[in-house]
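Please look through the structure shown here, and then read the report below, which takes the chains in turn before it comes to their contact and to some individual residues.

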Amino acid sequence: MDFLTLIQVLDSSVRLATPLLLACLAGLFSERAGIFDIGLEGKMLAAAFFSAAIAYMTGSVWVGLLAGIGSSIVLSLLHGAASITFRGNQLISGVAINFLAAGLTVLIAQSWFNQGGRTPSLMGGGRFEGIELPFALGPKDAEATGRSLSELIAEAGPISQLYSELISGHSILVYIALLCVPATWYILFRTRFGLRLRAVGENPAAVDTAGISVIGLRYAAVMICGVLCGIAGAYLSTALQAGFVKDMAAGRGFIALAALIFAKWRPWHALYACLLFGLLQALALRSDVVEGLVRVEVPVQVLDSLPYVLTVVILAGFVGKAIPPRAGGEPYVKER
Amino acid sequence: MDVMPRWVDVVLVPLLSLIIAFVISALVILAIGEDPIAAVNLMVTGALGSTYGWGYTLYYATNFIFTGLAVAIAFHARMFNIGGEGQAAIGGLGVAVVCLAFPWPHWALALPAAMLGGAIFGAAWAALPAYLQAKRGSHIVITTIMFNFIAAAVLNYVLVNILRPAGQMDPASERFPEGTNLPTMHEILAPIGIEFSRSAPLNITFFIAVIACVLVWILIWRTRLGFALRAYGHSEPAAVYAGISPTRIIMVAMLISGALAGLMAINNVMGEAERLVLNSVEGAGFIGIAVALMGRSHPFGVFLAAILFGFLYQGGAELALWTSIPRELIVVIQALVILFTGALDNMVRMPIERFFLAMHRARKAREAGSAE
């Protein structure tokens, strides 16, 4: 495997890791506040549909992004109502939200666009295009020289290849997702709000005793979760692909959940876990590279299922134990 | 504290939740510009208006009875088995292995063997998550979700690389031998003079599902094991104090749950498709969650809820065929049922509870007043 192939695989790892990372951080906020959320998948799916649909109608991807975030927040509030206000089972609520999104997106897509549960392809301003960083080789250089971009990059030096292919050229949401990691770390571990949020996931009674609203904090966490899932979904349909197709989240919400456990509910580790799982997804698309590396035929199904297997191994506690926030999954009942 | 009569808890609350779910579904149909009443009419005639419709309705119901019982029995031990989908898929593999291993002379011999195959494979797929929950404290919900995905990958690999006959393009096993074909309802009812649709997939498995309901009821409410299971589900410390081993209960409950999910495969794999195909479960494992919630984890409730969902499934297929309403409408209804009977149960229950509490207080006050 040459250097350029490696760069290309890493490049697609970053692209594939982005939705995982956003959803993983979304889950991190929610679960750190004591609200389990297996509805990440559904929220991403709803956001993917509404951002693509609205971006198509208005021609503006930014309006689409807002619509996606809005739809995801609505589902978050539903989850909040079920698990915070009505003290229902958070897992069952998550399952319901996943199905609700899976069904409604196709139903509405069919009713609006009549294309078998998909949105029309997005073009121009309806999509997030790659951002070309300064001095990177991009489509403009290709136009100027009249040759294809891949040719230009293949001829460039390793540093330029690394910079142009791996670091430059992603959509803005990729960079936003990466910035979310230090932001999440800062909010959770360096602000008063973060301290309270973590406390409410460990010992809500103590937070309540201190005169801080458990319900308010948990709703705040669930809303942040909705915003991040919304960006993740919008990325799927307006940046990674050009339009919504049925079930396009394709289990990413669950991989994000796996990454969250893998990372033991810590932001920086979430980044590493998502990059790892993104790499696995990228390798599953490039089985020729994998075979070149290990010299034996690796079934693509092995690569597909590796994130899940790794998560089970982590959960089993053989490679360091994953301990969830202590009050996770438990509705808080104020003492009478 | 028990001011609510039992029938309110068992019948009224689930019924109200169901009605809310259906009203919202009707609004959804209205919102996409279709007529809900016409849709219901079409669903009823399509699913219940002919023996063909009934044949499909009860065929789907058979699947949901198995997966619903699987979820229900785990619920009794306060465990949430989301892995029914994977367990049923691997159960299908077990059934396929049994059916293909041997040129079975008659279905009466093949059926018990296939049941054993499906149950053992399904239970085996539930065993590892159960063990990890019991011994390592890994959350069963997360592990069973992961095992669903792993099952899909395993099945994909086995079908593409091992069971697929040479020269065939689609990832599916070869047809099962003639001797494993289960009698359909048409063949069962024809000798006694009842005409039943020839093309509906309903088969003898339906009766096995009904027997399974009875057996699960006996297990839960009439055996020592069932008592231990429920005791553990109500209070782990109390169960431990009574000498019940949590490890044993978790393992046993999950093994039975997985076996029931795996048993579903004799209906869809052996009874209908007569070969193993990719995604043979088609979400029945997840519908089991809705069925168990709606049926309040009682085998009879599961039976009724499974038939309701069988009706929705077949009715939804008819809708998709004759109108522009896609099949996904059923997924929406399923989600709303799970939401209202499961997660938002308290929303429905609290006002009713308050009403009965007020009645109770009023009666107390009246009694106190007349005593003076």
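## Chain A as a whole

In this predicted model, chain A holds 15 helices and zero strands. Its radius of gyration is 21 Å, close to the 20 Å that the globule rule gives for 336 residues, so chain A is as compact as a globular protein of that length. Taken along the principal axes, the box that the C-alpha atoms of chain A fill is roughly 75 × 50 × 40 Å.

Of the 336 residues in chain A, 51% are buried. When the contacts of chain A with a separation of 6 or more are taken together, 77% of them are accounted for by residues 24 or more positions apart.

## Chain B as a whole

Chain B has 16 helices and zero strands. Its radius of gyration of 22 Å agrees with the value near 21 Å that a compact globule of 372 residues would have, and its C-alpha trace spans about 90 × 55 × 40 Å along the principal axes.

Buried residues come to 49% of the 372 residues in chain B, and residues 24 or more positions apart make up 77% of the contacts in chain B with a separation of 6 or more. As for confidence, the mean pLDDT of chain B is 89, with 99% of its residues at 70 or more, while the model scores ipTM 0.87 and pTM 0.88.

## The contact between the chains

The contact draws 37 residues from chain A and 37 residues from chain B. On the side of chain B that touches chain A, the elements giving two or more residues are helix H5 (107–136), helix H6 (140–163), helix H13 (284–294), helix H15 (328–343) and helix H16 (345–371) of chain B. H6(B) gives the most to this side, with eleven residues. Sorted by class, the side of chain B that touches chain A consists of 25 nonpolar, nine polar and three charged residues.

## An enclosed helix in chain B

Helix H12 of chain B, residues 265–273, has eight of its nine residues buried, so it is largely enclosed by the rest of the structure. Those buried residues are B:Ala265, B:Ile266, B:Asn267, B:Asn268, B:Val269, B:Met270, B:Gly271 and B:Glu272.

The cover over the buried residues of H12(B) includes helix H3 (51–76), helix H4 (84–101), H5, helix H8 (205–222) and helix H11 (246–263) of chain B. H5 of chain B is also among the elements that give two or more residues to the side touching chain A. After H12(B) comes B:Glu274, which has a positive phi, near 60°.

## Helix H13 of chain A

The 19 residues of H13(A) should span 27 Å at 1.5 Å a residue, and the end C-alpha atoms of H13(A) are 27 Å apart, in agreement with that expectation. Buried residues in H13(A) include A:Pro267, A:Ala270, A:Leu271, A:Ala273, A:Cys274, A:Phe277, A:Gly278, A:Leu280, A:Gln281 and A:Ala282. What the buried residues of H13(A) pack against is H1, helix H8 (172–190), H12 and helix H15 (300–315) of chain A.

A:Arg32 belongs to helix H1 of chain A, which covers residues 3–32.

Apart from neighbours within four places in sequence, A:Arg32 is in contact with A:Leu188, A:Leu197, A:Arg198, A:Gly201, A:Trp265 and A:Pro325. Between A:Arg32 and A:Pro19 the separation is 13 residues in sequence and 20 Å in space, C-alpha to C-alpha.

## Positive phi in two loops of chain A

Most residues other than glycine have a negative phi. A:Ala250, however, has a positive phi, near 45°, and is found in the loop between helix H11 (214–240) and helix H12 (252–262) of chain A. With 15 C-beta neighbours inside 10 Å, A:Ala250 counts as partly exposed.

A:Lys264 likewise has a positive phi, near 55°, and its place is the loop between H12 and helix H13 (267–285) of chain A. A:Lys264 is partly exposed, with 15 other C-beta atoms within 10 Å.

Key. Residues numbered from 1 in each chain as written. Chains lettered and ligands numbered in written order. Predicted model: local features only at pLDDT ≥ 70, side-chain atom pairs only at ≥ 80, totals over all residues. Contact = placed C-beta atoms within 7 Å. Helix = DSSP H or I, 4+ residues; strand = E, 2+ residues; numbered from the N terminus. Nonpolar A, V, L, I, M, F, W, Y, C, P; charged D, E, K, R; others polar. pLDDT = per-residue confidence, 0-100. Buried ≥ 20, exposed ≤ 12 C-beta atoms within 10 Å, placed from the backbone. Rg over C-alpha atoms; globule rule 2.2 N^0.38 Å. Expected span 1.5 Å × (residues − 1).
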